[in-house]
Amino acid sequence: MGDELKIIVELQHAIDELNTAEELLAGIPDWMQELHEEHSRQKAEMDGLQAALEEAELAKRTADGEISDLQAKVKHFQEQIGMVRNQREYGALLQEIDTAKEQISAVEERELAAMEQGDEAQRLLDERQDPFQELDERYQQELQKWEGQKPEVARRAEELRQQVKELEGKIPKQILAMFERTRLRYGGNALARVMEVERKGPKIWHCGVCNYRVRPQTVVSIQAKNIESCDSCRRILYIEEDAG
Ligand SMILES: [Zn+2]
């Protein structure tokens, strides 16, 4: 019996480290996480204000257009007043003019509200521009620093990939398949450390993950370099070297 268990433990560690490195490469390192979140928050806020400003400007332009149309309508009606043939037509025309003027007032109110919203968005944008720019510069610097560190992390990831391949090659197929199955089943970690219960009297061991009792003969078997699984959770058991 070779020391396959030792290789499996090494393999699990290499896979764990590789996953951490790959996650890191795909995301943001811990040391700039806080800045990243603050930057994202403020950036979203600035984008929101910019969008509100643009929306207000669009609303104002739309209102301007509507007002011109309505004013043209009023002018048209007023020009018709000289051509009415009776009181009924005159009354109808005045009614049309009143309605159009009321519509103009309503649009003007809407326009005023849009302008106020636009002014407020502009005021907040001006107020936050400098602090945001300062934050953004700091963020870009940190990003650059992280870009500088990435190649080293990528190099280490490549090294680990090779190591994983090598270690996998050293384990018999059947055991490797069992390891993979267990690993996938348990969200990436196939192993459970055997823990010794601290107490007086005969030694007692338990599974470090599910706490189920590990029989003494299982511990002896593991020490004899056999692959053993926890009776309860089926993870592959190992004993930490220096813990004996
Ligand atoms: Zn267990």
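Residues are numbered from 1 along each chain as its sequence is written. Because the model is predicted, local features need pLDDT of at least 70 and side-chain atom pairs count only at pLDDT 80 or more, while totals for chains, interfaces and linings use all residues.

The chain is divided into two parts: domain 1 covers residues 4-169 and domain 2 covers 175-243. These bounds come from an automatic or database domain assignment. The C-alpha centres of the two domains lie 52 Å apart. Across the boundary, 7 residues of domain 1 are in contact with 12 residues of domain 2. Contact here requires C-beta atoms, placed from the backbone, to lie within 7 Å. Helix α1, residues 4-26, gives the most to the domain 1 side, with 6 residues. By class, that side holds 3 nonpolar, 2 polar and 2 charged residues. Nonpolar denotes Ala, Val, Leu, Ile, Met, Phe, Trp, Tyr, Cys and Pro; charged denotes Asp, Glu, Lys and Arg; the others, Gly among them, count as polar.

Helices and strands are DSSP runs, numbered from the N terminus (helices: H or I, at least four residues; strands: E, at least two). Helix α1 has 23 residues. Its first and last C-alpha atoms are 32 Å apart, close to the 33 Å expected at 1.5 Å a residue. The expected span is 1.5 Å times one less than the number of residues. The buried residues of α1 are L5, I8, V9, L11, Q12, A14, I15 and A21. A residue is buried if 20 or more other C-beta atoms lie within 10 Å of its own, exposed if 12 or fewer, and partly exposed in between, with C-beta atoms placed from the backbone. An α-helix has 3.6 residues a turn, so residues three or four places apart point the same way. The cover over the buried residues of α1 includes α3 (87-169), α4 (173-185), β1 (191-196), α5 (216-223) and β4 (236-238).

Helix α3 also contains K150. K150 counts as partly exposed because it has 13 C-beta neighbours inside 10 Å. Its C-alpha atom is separated by 9.9 Å from that of P29, although K150 and P29 are 121 residues apart along the chain. Helix α4 has 13 residues, which should span 18 Å at 1.5 Å a residue; its end C-alpha atoms are 18 Å apart, in agreement. Just after α4, G187 takes a positive phi of about 60°.

The sheet comes next. Its 4 strands form an open sheet in the order β3-β2-β1-β4, with mixed pairing. The edge strands are β3 (213-214) and β4, each pairing on one side only. Two strands pair if DSSP finds at least two bridges between them. β1 and β4 pair in the parallel sense over 3 bridges. In this region R193 stands opposite Y238 of β4. β1 is also joined by 3 bridges to β2 (residues 205-207), and these two strands run antiparallel. The bridge partner of E196 in β2 is W205.

The largest nonpolar core has 19 residues. A nonpolar core is a set of buried Ala, Val, Leu, Ile, Met, Phe, Trp, Tyr and Cys residues joined through C-beta atoms within 7 Å. I8, L191, I236, L237 and Y238 touch the most other members. α1, β1 and β4 each supply at least two residues. α1 gives the most, with 7 residues. Domain 1 and domain 2 both give residues to this core, so the core lies between them. Leaving aside residues up to four places away in sequence, Y238 touches L5, V9, L191, R193, V194 and I222.

The loop between α5 and β4 holds K225 and R234. The phi of K225 is near 70°, a positive value in a residue other than glycine. R234, also not a glycine, has a positive phi near 70°. K225 counts as exposed because it has 12 C-beta neighbours inside 10 Å. R234 has 17 C-beta neighbours inside 10 Å and therefore counts as partly exposed.

Note on methods:
Contact = placed C-beta atoms within 7 Å.
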